Amino acid sequence: MSTGRFLLIILVSFACTFFLRALPFLAFSGGRKMPRWMEKLSHALPPAIMAVLVVYCLKSVPNEWYPAGLCQLLGAAATALVHKWKHNTFLSILLGTAVYMILIRVL
């Protein structure tokens, strides 16, 4: 693939992502309010997305749960506990990942 084509792909990807991220701000700027169904959706989607991510991350826990499965479960538990304690998504993901990475090296 040529450099020009590669840069064009990156530019188109950037433009699509930027437009899709800016669209809600453009649609509901000023005095215009969001519809009621969209407000309900905005409250329901974050927990649903997190549940899907948890299932996706833990779907590969092996039948032989020790040591790999134990590391995954303890990493997920650490992430949940830190998030419950600090309510900081970045910190909980960072520490949960660190716990997992340390456990796969130690066990």
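**View 1. Y66 is an exposed residue, with a relative accessible area of 51%.** Here, exposed means over 50% relative accessible area, buried means under 20%, and partly exposed is in between, using a 1.4 Å probe and protein chains only. Y66 sits in helix α3. Helices (H or I, at least four residues) and strands (E, at least two) are DSSP runs, numbered from the N terminus. Look also for L107, which is 41 residues from Y66 along the chain. The C-alpha atoms of Y66 and L107 are separated by 8.8 Å.

A word on the model itself: it is predicted, local features need pLDDT of at least 70, side-chain atom pairs count only at pLDDT 80 or more, and totals for chains, interfaces and linings use all residues. Residues are numbered from 1 along each chain as its sequence is written, and side-chain values use heavy atoms, with hydrogens and water left out.

**View 2. The whole protein is built from four helices and zero strands.** Starting at the N terminus, the order of elements is α-α-α-α. The protein is more spread out than a compact globule, because its radius of gyration is 20 Å, well over the 13 Å that the globule rule gives for 107 residues. That radius is taken over C-alpha atoms, and the rule is 2.2 Å times the number of residues to the power 0.38. Along the principal axes, the C-alpha atoms fill a box of roughly 55 × 45 × 25 Å. Of the 107 residues, 9% count as buried.

**View 3. A68 belongs to helix α3.** With 38% relative accessibility, A68 counts as partly exposed. Now find A22, 46 residues away from A68 along the chain. Between the C-alpha atoms of A68 and A22 there are 41 Å.

View 4. Leaving out residues up to four places away in sequence, Q72 touches C57, L58, S60, V61, P62 and Y100. A contact means heavy atoms within 4.5 Å.

**View 5. The largest pocket holds about 670 Å³ of space.** On a 1 Å grid over the protein atoms alone, a pocket is an open set of points where a 1.4 Å probe fits, with protein on both sides within 12 Å along at least five of seven lines; lining residues have an atom within 4 Å of a point. The volume is the space filled by probe spheres set on the points. Its lining has 17 residues, and V54, C57, G75, A76 and T79 lie nearest the centre. Helices α2 (36-58), α3 (65-86) and α4 (89-106) each give two or more residues to this lining. The lining divides into nine nonpolar, eight polar and no charged residues. Ala, Val, Leu, Ile, Met, Phe, Trp, Tyr, Cys and Pro count as nonpolar, Asp, Glu, Lys and Arg as charged, and the others, Gly among them, as polar.

**View 6. H87 lies in the loop between α3 and α4.** H87 has a positive phi of about 55°, although it is not a glycine. This residue, H87, counts as exposed at 60% relative accessibility.

**View 7. K33 is found in the loop between α1 (3-27) and α2.** K33 is exposed, with a relative accessible area of 65%. Setting aside neighbours within four places in sequence, K33 is in contact with F28 and E39. The C-alpha atoms of K33 and L23, 10 residues apart along the chain, have 14 Å between them.
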